[in-house]
Amino acid sequence: MDIEMPFARILHSVMVLVAALGVNVADVGLLSAQDKPTETTRFSSEMVQIKDDRPRKPLASFRAVYDINLAPGANKAGLSALDGRMVYELNGSVCDGFALTHRFVTRVDLSEGQTSLTDLRSASFENPVDRSFQFITRTLIDQELSQTSRGLAVHDKEFTYVALSEPEEDTLELPKDVLYPVEFTDALLKAAVAGNRFFEATIYDGTDTGDLVFEITAVIGVAKSSGELSNIYKELDGLRHWPVTIAYFETGKDEDAMAPIYEISMELYENGVSGEVKIDYPDFSLVGTLSELKILSTSSCDPNDVKRTPNSNGNG
């Protein structure tokens, strides 16, 4: 899965639904800001990965289906059950751009007997030529439209400009190095192939009302080339993959006291597909199991053929 950013939208939709049902999701610690690695952090030799010089497979066009369930164990949110399904589809290439669509439907049952249904639908397009990002996200709760976010973001030499048309017209100036969803996945995979154990980035995907920006810290494990999913899906056979844990921090908070909003753990394959996903909230956890995968056809592409427009900030 293109990580992960769609899962970020899922997390927000679940949080909206749980809040609507009157559940208090406390902001208790997962990974504190003090634990975030810095450039001066020193690691033992056992923690340092070795760079893999083999060429990385390009991001694939694919359709993946994940079954979502409440993870066993600690559940302090008063949930008696939570289940759902997400359909995720990525089409395109670095030459033609990436169209990303997904739909996530989940049902939440509370111990008090309340039940509610949330339906998150999202579509976006990342243009590699002018490094723009168009998006629309709709959230329905119990079949009633709850929220819509629509906008356009464009990287420039000094900033990333965002023009929102829904839920209301607004403009934002974000850091120039902020990453869009597919850019983020690509950058994370580049870090993994390079042997980096930690990766930090600022990301933007139009989540919620379109004005949220996240700082993330990712911990990348040792690469593998085989596994249970490789035996089930021949499309993943022989592909390198890494165990990855990503902590999401909301920008604008005091870093000394800031704890992550949530964490995502997954097996990330070099073509952008994710295997089983674990989503940790402060008060409960979800598990996403890959139940269907289809690699889609795409046109051949030489990244060197991509011509950037003058407004590009030059980051590849």
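Gln143 is exposed, with a relative accessible area of 67%. In this predicted model, Gln143 sits in the loop between E5 and E6, and its phi is positive, about 70 degrees, although the residue is not a glycine. The loop between strand E5, residues 132-141, and strand E6, residues 144-155, also holds Asp142. Asp142 likewise has a positive phi, near 50 degrees, without being a glycine. Its relative accessible area is 40%, so Asp142 counts as partly exposed. As background, most residues other than glycine have a negative phi, and most peptide bonds are trans.

Glu166 and Pro167 are joined by a cis peptide bond, with omega at about 5 degrees. Pro167 belongs to the loop between strand E7, 159-166, and strand E8, 170-175.

Let me turn now to a strand in the interior. How many of the 10 residues of strand E11 are buried? The count is 7, so E11, residues 241-250, is largely enclosed by the rest of the structure. Strand E10, residues 214-220, pairs with E11 in the antiparallel sense through 7 bridges; here Ile216 has Tyr248 of E11 as its bridge partner. E11 is also joined by 8 bridges to strand E12, residues 262-269, again antiparallel. Ala247, for instance, stands opposite Glu263 in E12.

Finally, the chain as a whole. It contains 3 helices and 14 strands, and 49% of its 316 residues are buried. The accessible surface comes to about 14,700 Å², with 48% of that belonging to carbon and sulfur atoms.

Technical notes
Residues numbered from 1 in each chain as written. Predicted model: local features only at pLDDT ≥ 70, side-chain atom pairs only at ≥ 80, totals over all residues. Heavy atoms only, no water. Helix = DSSP H or I, 4+ residues; strand = E, 2+ residues; numbered from the N terminus. Buried < 20%, exposed > 50% of the residue type's maximum accessible area, 1.4 Å probe, protein only. Areas by Shrake-Rupley, 256 points an atom, 1.4 Å probe, with all protein chains shown as cover. Pairing = 2+ DSSP bridges.
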